[in-house]
Amino acid sequence: MAARPSLRTLLLGAALALSAASALAEGPGRAAIATPHPEATAAAREILQQGGNAFDAAIAVSAALAVVEPYGSGLGGGGFFLLRQPGDPVAYQFIDARERAPGKATWDMYLKDGKVQPGISINGPLAAAIPGLPAALADLAAHYGKLPLRSSLAPAIRLANQGFAVDRVYRDRAQMRLSALRDDAESARLFLKDGEVPALGAQIRQPELAVTLQRLADSGRDGFYKGPTAQALVDGVQAAGGLWTLDDLADYHTAHRQPLRYALADQRELISAPPPSAGGVALAQSLAMLQRLPWQSAEPVQRSHYVLEVLRRAYRDRGLLGDPDHVSNPIPQLLDRNYLVGLANSIDVHQATPSSSLPPSPAWREGDHTTHFALIDADGNAVAATLSVNLPFGAAFTTPGTGVVLNNEMDDFAADPHGSNSYGLAGSQANAVAAGKRPLSSMTPSFIESPQQFTAFGTPGGSRIPSMVLLSMMEYLNGQPVATWPAVPRYHHQYLPDVVEHEPGTFTDAQKRDLQARGYTLKDLGRSYGNQQVLFWNKAARTLEAASDPRGLGVSEVLETR
Ligand code: DON
């Protein structure tokens, strides 16, 4: 005979149920880190073990990456931080630390006789917009962190002084930008050895960058945007023909924006990057269209077909977007359910839709290097951040005395606001250069959260960022283990050019023939791309996992911090 539960058992059961409910609302009890570099992961670990929260650790990681990945991001660049704070309801914030065009920038600054002069928006100080990362680090410390900025910056200052060992990724990026680095004496002195790419294991020391970081540590944002660092930046830029002024630096501010939020099936919600990123909109549109299509039960080529058609349609709309402080973005229209159902219904089940048969989209171009990391602490504070100087080593221009490599994010604007013949006009205008404006970005730090689960995604990779994040999210939504999310083979479509770009091993020969028969033009990029860092907190199962892209040097770990 079954024993009747005693009052004590009932009370214990109720207490357990209560604690399970509150466990769902609180943090994972441990921390997880996923960054693209072992030194950055070590910096996060150090700060978390000192009692810092995920936001303090994000400062430490960003600053460490500025030292060990001078090609990817840094104090001379910018980026986006997507934040999560536990509570009821959970709060999300988006720190827009995108660079801003200097006050003297004009819509036609890269045009001569009506033609784009690409070189000057890529190399040298005319390519550089006013940096945002130092302001973001000061904001994070002031409004979200528990430790003083100087504590969180300490690991990076130490690394800059002591030096770090050149790795294979550094060599690869320096090789890509070798001639531009050689052309700038300060960059060559700091990042090359006798004008050549340094050997594996060679030490790169950056004492000037350590001083610049120390001023930020001592004086907060004024330590970078005013005083001797600001003066050295402006002097260096102006001496080389650039447009920056002291006012441009003093006026720089981050923007705290509402993240882009979109409800998905199964009580899940996408939380992602709003404009000036085009990524969150593209991701929301793509996921909404996929929800109308049987991709989960489709065989691999059929699934790729759905993804390619969804991406084609989402990327077409990118041309409508620009800096929300300068243009009005039609977000409600782009995320309207009926509109997205219509787009999904326009997908032929078997055949590719030529992009030329869809209405055209404006011109836009992308760069080719950046960085991304993700963190969650024991309390459930979380960060996904994508940071950039745009191309590897940005503008390949280092202002003397500062150690700061300037970005070439000005190249993310549409250099020719009137577009070329094959592209439309509206998007070019939305993303034309203007004083103080932020260039449109593809960076897409993102979460998907439900009452049971929290996940974080993101990667560098220019225009391919949203498609990479989408492919990883599909692995998650399809119940695949966390290690496969960043590892999944990549392919991409961005409406124009009307080609399917892919990594070398993505498709078998038979799958390629099948895709070609459906009307796709395939382009094997001959190399892998992206460097995704992901987190998975299964609140219901009380598990916490992190994974780094196997293509990079990244190190992810879960650690006890209390
Ligand atoms: O903001 C953007 O979209 C670009 N500047 C990002 C560049 C990038 O991700 C390059 N990565 N490999």
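Predicted model: local features only at pLDDT ≥ 70, side-chain atom pairs only at ≥ 80, totals over all residues.
Q: Fine. How many aromatic pairs are there?
A: The structure holds 17 aromatic pairs. Rings of Phe, Tyr and Trp (its six-membered ring) pair if their centres lie within 6.5 Å; planes under 30 degrees apart count as stacked, over 60 as edge-to-face and the rest as tilted.

Q: What is the geometry of the pair Y170 and F393?
A: Y170 and F393 are edge-to-face, with 5.7 Å from centre to centre and 90° between the planes.

Q: Where do those two lie in the chain?
A: Y170 lies in helix 6 (residues 168–176) and F393 in the loop between strand 12 (382–388) and strand 13 (398–399), so the pair ties together parts that are 223 residues apart in sequence. Helices (H or I, at least four residues) and strands (E, at least two) are DSSP runs, numbered from the N terminus.

Q: Are Y170 and F393 buried or exposed?
A: Y170 and F393 are both buried. Buried means under 20% relative accessible area, exposed over 50%, and partly exposed in between (1.4 Å probe, protein chains only).

Q: Which charged residues sit over a ring?
A: The charged end of R221 sits over the ring of Y225, 4.7 Å from its centre. R464 lies over the face of Y529, also with 4.7 Å to the ring centre. A charge sits over a ring if NZ of Lys or CZ of Arg is within 6 Å of the ring centre and within 35 degrees of the ring normal.

Q: New topic: which residues of helix 16 are buried?
A: In helix 16 (residues 337–345), L340, L343 and A344 are buried. Seen down the axis, the buried residues of helix 16 fall within an arc of 100°, so they line one face of the helix. The arc is that of the directions from the helix axis to the C-beta atoms.

Q: And what is on the face turned away from the buried side?
A: That face of helix 16 carries the exposed residues N338 and N345.

Q: What do the buried residues of helix 16 pack against?
A: They pack against strand 9 (260–263), helix 13 (279–291), helix 14 (300–316) and helix 15 (331–334). Contact means heavy atoms within 4.5 Å.

Q: What happens at the start of helix 16?
A: A side-chain oxygen of D336 reaches to within 3.0 Å of the backbone nitrogen of N338. A polar contact is a pair of N or O atoms within 3.5 Å; within protein, one must be able to donate a hydrogen and the other to accept it, and residues adjacent in sequence count only if both atoms are side-chain atoms.

Q: How many salt bridges are there?
A: A search of the whole structure finds 26 salt bridges. A salt bridge is a side-chain nitrogen of Lys or Arg within 4 Å of a carboxyl oxygen of Asp or Glu.

Q: What does R98 pair with?
A: R98 forms a salt bridge with E409, and their closest N and O atoms are 3.2 Å apart. R98 lies in the loop between strand 3 (91–97) and strand 4 (111–112) and E409 in the loop between strand 14 (404–405) and helix 17, so the pair ties together parts that are 311 residues apart in sequence. R98 counts as buried at 0% relative accessibility, and E409 counts as buried at 1%.

Q: Which salt bridges does R551 form?
A: R551 forms a salt bridge with E503, the closest N and O atoms being 2.8 Å apart. R551 also meets D549 in a salt bridge (2.8 Å, N to O). E503 and R551 are both buried, and D549 is buried as well.

Q: Last one: where is S277, and what does its side chain reach?
A: S277 is in the loop between strand 10 (269–272) and helix 13. S277 is buried, with a relative accessible area of 0%. A polar atom of the side chain of S277 lies 2.9 Å from the backbone nitrogen of G279.

Key. Residues numbered from 1 in each chain as written. Heavy atoms only, no water.
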